[in-house]
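Hi everyone, thanks for coming.

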Amino acid sequence: MPSSVNHSRFGVRLRSVNFMESSPVVAQRLIGALLLVNGVGGVIVETEAYDELEPASHGFSGQTPRNAVLFGPPGRAYVPLSYGLHWSLNIVCREAGHAAGVLIRALEPTVGIPRMRRRRRHTELSMLCAGPGRLAQALGITGALNGRRVDAAPFRIVSAAEPPKIVRGVRIGISKAKERRWRFGLSGSAFHSQPFR
DNA sequence: CGAACGATTAGCT
DNA sequence: GCTAATCGTTCGA
């Protein structure tokens, strides 16, 4: 695991993430952080930012029962189903009143790897948490966690002790606002869902 | 009220 | 590279 991540509960300086910032800022602050759900997870290596003011966001067309969590308090998990099949984990953030969120797209698996392998039917390590659907499956994330605070159980987020080197690119799998470079990655990671260029 | 379409993935060619 | 799987939401008639 990268030395920039403090996995010790006796660490000297554990920064927490402020979710009252714009989603692109929060998306970058989450890179290199340790994310656990029920004690299982790893280092966040890929995120994307979304904001209700741009058409790629689930919040763009206004509040619905599905996306209601995005319009609620920051620091909550927004867990929608995509393609009728896959859950995904977002963290709600809010700056200037915008309904916004950060999609967690990939982890470097570090804690509870056997558990994740069982949930994912023994996929190879580099594919365990590479992509929002795979990550949700590996960590056992479903709609049951929608709206839950991410600073309390079953979540645990420990941010990187030092700012990591971050790469940036366009978001994946969207048809609108394609040119916006709101995808962020941990530089040099072998655990991205797709390469950065 | 029916049709189209996703912030995707696995499996096959 | 192509496509099926699968369902809530959105959009047009």
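Helices (H or I, at least four residues) and strands (E, at least two) are DSSP runs, numbered from the N terminus.

A word on what you are looking at: this is a predicted model, so to speak, in which local features need pLDDT of at least 70 and side-chain atom pairs count only at pLDDT 80 or more, while totals for chains, interfaces and linings use all residues. Residues are numbered from 1 along each chain as its sequence is written, chains are lettered from A and ligands numbered from 1 in the order in which they are written, and side-chain values use heavy atoms, with hydrogens and water left out.

Back to DNA strand B. Helix H4 covers residues 132–139, and along with strand E7 (100–111) it is among the elements that each supply at least two residues of this surface. There are 19 residues around DNA strand B, and the ones that come nearest are His-86, Asn-90, Arg-120, Gly-133 and Arg-134. Of the DNA strand B atoms that come within 4 Å of the protein, sugar and phosphate make up 51%. Sorted by class, the surface has 7 nonpolar, 9 polar and 3 charged residues. In that sorting, Ala, Val, Leu, Ile, Met, Phe, Trp, Tyr, Cys and Pro count as nonpolar, Asp, Glu, Lys and Arg as charged, and the others, Gly among them, as polar.

Which atoms pair up with DNA strand B? A polar side-chain atom of Arg-105 sits 3.2 Å from a phosphate oxygen, and a polar backbone atom of Gly-131 is 3.4 Å from a phosphate oxygen. Tyr-50 places a polar side-chain atom 3.4 Å from a sugar or linking oxygen.

Now over to DNA strand C. Its surroundings are Thr-64, Arg-66, Tyr-83, Gly-84 and Leu-85, which by class come to 2 nonpolar, 2 polar and 1 charged residues. Here 58% of the DNA strand C atoms within 4 Å of the protein belong to sugar or phosphate, and the rest to bases. Arg-66 has a backbone N or O atom 3.3 Å from a phosphate oxygen, whereas Tyr-83 has one 2.4 Å from a base oxygen.

Keep Arg-105 in mind, please, as we turn to salt bridges. A salt bridge is a side-chain nitrogen of Lys or Arg within 4 Å of a carboxyl oxygen of Asp or Glu, and the whole structure has 5 of them. In one, Arg-105 meets Glu-46, with the closest N and O atoms 2.7 Å apart. Arg-105 is in strand E7 and Glu-46 in strand E2, so this pair ties together parts 59 residues apart in sequence. Both Arg-105 and Glu-46 are buried; buried means under 20% relative accessible area, exposed over 50%, and partly exposed in between (1.4 Å probe, protein chains only).

Glu-46 also forms a salt bridge with Arg-183, at 3.0 Å from N to O. Put together, Glu-46, Glu-48, Arg-105 and Arg-183 are linked in a network of salt bridges. For a contrast in setting, take Asp-151 and Arg-149, whose side chains meet at 2.8 Å: Asp-151 is exposed at 54% relative accessible area, and Arg-149 is partly exposed at 44%.

Is Glu-54 buried or exposed? Glu-54 is buried, with a relative accessible area of 1%, in the loop between E2 and strand E3 (77–78). Its side chain makes a polar contact, a pair of N or O atoms within 3.5 Å, one able to donate a hydrogen and the other to accept it (residues adjacent in sequence count only if both atoms are side-chain atoms), with the side chain of Arg-171 at 3.0 Å.

One last stop: Met-116, in helix H2 (residues 113–119). Met-116 is buried, at 0% relative accessible area. Beyond residues up to four places away in sequence, Met-116 touches residues including Val-40, Pro-109, Leu-128 and Leu-139, where contact means heavy atoms within 4.5 Å.

Methods. A residue is near a molecule or strand if one of its heavy atoms lies within 4 Å of it.
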